[in-house]
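User: I would like to learn how to read a structure of this kind, feature by feature. Could you start with the fold and then move on to the contacts?

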There are 2 protein chains.
Amino acid sequence: MKKLTKSQARVADYIGKFIDEKSYSPTYKEIAGHFKVNVNAIQQAISALIKKGSLEKVSGIARGLRVRDNSPEDMNKVKNNLIVIPLYGNVAAGEPVFADDNIEGYIAVEKPRRSRGELFSVTVRGDSMTEKKIIEKDKLIVRKQNTASDGEIVVALLDDEVTVKVFRANGGTPYLQPANNKYDPIRRPFKILGIVVGLTRDYSVV
Amino acid sequence: MKKLTKSQARVADYIGKFIDEKSYSPTYKEIAGHFKVNVNAIQQAISALIKKGSLEKVSGIARGLRVRDNSPEDMNKVKNNLIVIPLYGNVAAGEPVFADDNIEGYIAVEKPRRSRGELFSVTVRGDSMTEKKIIEKDKLIVRKQNTASDGEIVVALLDDEVTVKVFRANGGTPYLQPANNKYDPIRRPFKILGIVVGLTRDYSVV
DNA sequence: AAATATACTGTATATTTATACACTGTATAT
DNA sequence: ATATACAGTGTATAAATATACAGTATATTT
């Protein structure tokens with residue numbers, strides 16, 4: 001990426017912002033119009049920008065300009081592999097958890113490789129999972145499913161409340177095990193909403 | 001967003017993928033060519049798609065089609081507010097931590113509101129921070145800076161290794177405090193690389 | 001001193017492209 | 001039964017657009 005002249009930088013900048021905003025490239029005439037110069041001034045500027053590696057162009061087609069992305073390829077892979085998932089709040093008795101009304105926001109996560117199932121997120125409340133190093137206000141990334149295996153950390157609906165616990169099913173009736181010896185195992189009926197596949201923590205929030 | 005016919009869905013899909021791949025919209029003729037139908041068939045399909053809310057179009061310009069993003073506005077806010085930050089590996093003695101060579105990958109994070117400074121990421125090794133609920137393989141989100149306040153969790157360079165500890169500076173010489181009583185405070189010289197502002201954990205990796 | 005890059009004006013033109021009009025036929029609502 | 005949406009063919013055309021050619025003038029490099 002060679003150094004651009006002031007004029008070239010201005011043109012490149014305009015093209016970039018134009019595309020960002022409108023999602024299609026400007027025409028030569030539009031650029032020329034904006035800078036109040038002749039189209040050919042722009043033709044030349046663009047030639048220079050392409051030669052210097054700042055721009056790409058598909059010839060012969062309308063609005064075929066592209067600003068060249070100079071971030072590393074790996075960085076783009078990450079960017080392209082993101083999904084935004086809903087963050088659900090807790091629920092008033094009897095309300096459905098997965099209602100649009102109950103979406104408190106969205107968080108972005110990298111798409112899991114084996115991305116079977118749907119992901120969602122909930123905020124941890126309380127200290128029942130501290131021994132599993134999960135603390136209040138952590139945002140859990142959860143795969144929606146209604147079964148789990150022994151030892152998995154699950155998000156479950158218990159007494160009309162969303163809760164996080166370790167799922168236990170070694171033999172008898174499955175139950176929920178808090179990861180904090182302050183609390184006893186829970187043997188009331190519950191419904192598994194999903195299993196925890198990740199979490200994010202934001203210290204500036206805590 | 002009304003329901004699309006099979007044919008309309010195919011066209012919408014083609015347009016979406018075309019734009020994703022090439023970053024500019026296809027022309028009517030190009031779409032018609034792909035499906036081996038008349039341009040007017042496409043004109044009509046597009047009219048229907050626009051009416052149904054799946055597509056947007058800027059009239060009178062070339063390649064002015066846009067697939068309409070039907071995700072909630074809040075979701076887009078998240079998407080637009082993401083940054084991709086480098087994940088640094090540990091370093092061989094004497095090597096600079098923040099070298100491009102030392103980038104192991106990238107992770108995406110939501111841009112902190114007060115986004116002063118530069119962010120980077122490192123993977124946690126060992127169990128010296130378990131009492132702070134930080135465990136091996138967690139990826140820390142760190143703000144690059146070389147000072148810290150008492151009690152902040154810092155990433156520091158100690159004996160040419162990158163390490164995570166609690167920074168202690170109440171009166172005497174600052175030192176590093178592990179958050180695990182198995183380990184003693186570290187009073188050797190160190191250099192602060194940044195302070196931990198968040199973390200991500202992926203249970204499918206652990 | 002000559003070559004090259006920059007930054008333009010001015011003009012011309014072949015394609016590209018969106019868009020309109022006229023028709024045919026089928027399926028699905030009202 | 002009669003619209004209305006759907007899925008097309010076929011033709012035509014004005015406007016949008018990229019691109020080429022002929023110049024002028026200044027700054028920077030070799």
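Analyst: Chain A holds four helices and ten strands, where helices (H or I, at least four residues) and strands (E, at least two) are DSSP runs numbered from the N terminus. This is a predicted model, in which local features need pLDDT of at least 70 and side-chain atom pairs count only at pLDDT 80 or more, whereas totals for chains, interfaces and linings use all residues. Residues are numbered from 1 along each chain as its sequence is written, chains are lettered from A and ligands numbered from 1 in the order in which they are written, and side-chain values use heavy atoms, with hydrogens and water left out.

User: In what order do the elements of chain A run from the N terminus on?

Analyst: The order is α-α-α-β-β-α-β-β-β-β-β-β-β-β. The radius of gyration of chain A, taken over C-alpha atoms, is 26 Å, well over the 17 Å that the globule rule (2.2 Å times the number of residues to the power 0.38) gives for 206 residues, so chain A is more spread out than a compact globule. Its C-alpha trace spans about 80 × 35 × 30 Å along the principal axes.

User: Why does A:Asp138 count as buried?

Analyst: Buried means under 20% relative accessible area, exposed over 50% and partly exposed in between, with a 1.4 Å probe and protein chains only. A:Asp138 has 0% relative accessibility and therefore counts as buried; the residue is found in the loop between strand 5 (119-123) and strand 6 (139-144) of chain A. Its side chain makes a polar contact with the side chain of A:Arg201 at 2.7 Å, a polar contact being a pair of N or O atoms within 3.5 Å, of which, within protein, one must be able to donate a hydrogen and the other to accept it, while residues adjacent in sequence count only if both atoms are side-chain atoms.

User: Which residues are the closest to DNA strand D?

Analyst: A residue is near a strand if one of its heavy atoms lies within 4 Å of it. Of the 22 residues that surround DNA strand D, the closest are A:Lys57, A:Gly60, B:Asn38, B:Asn40 and B:Ala62. Sugar and phosphate account for 65% of the atoms of DNA strand D that come within 4 Å of the protein.
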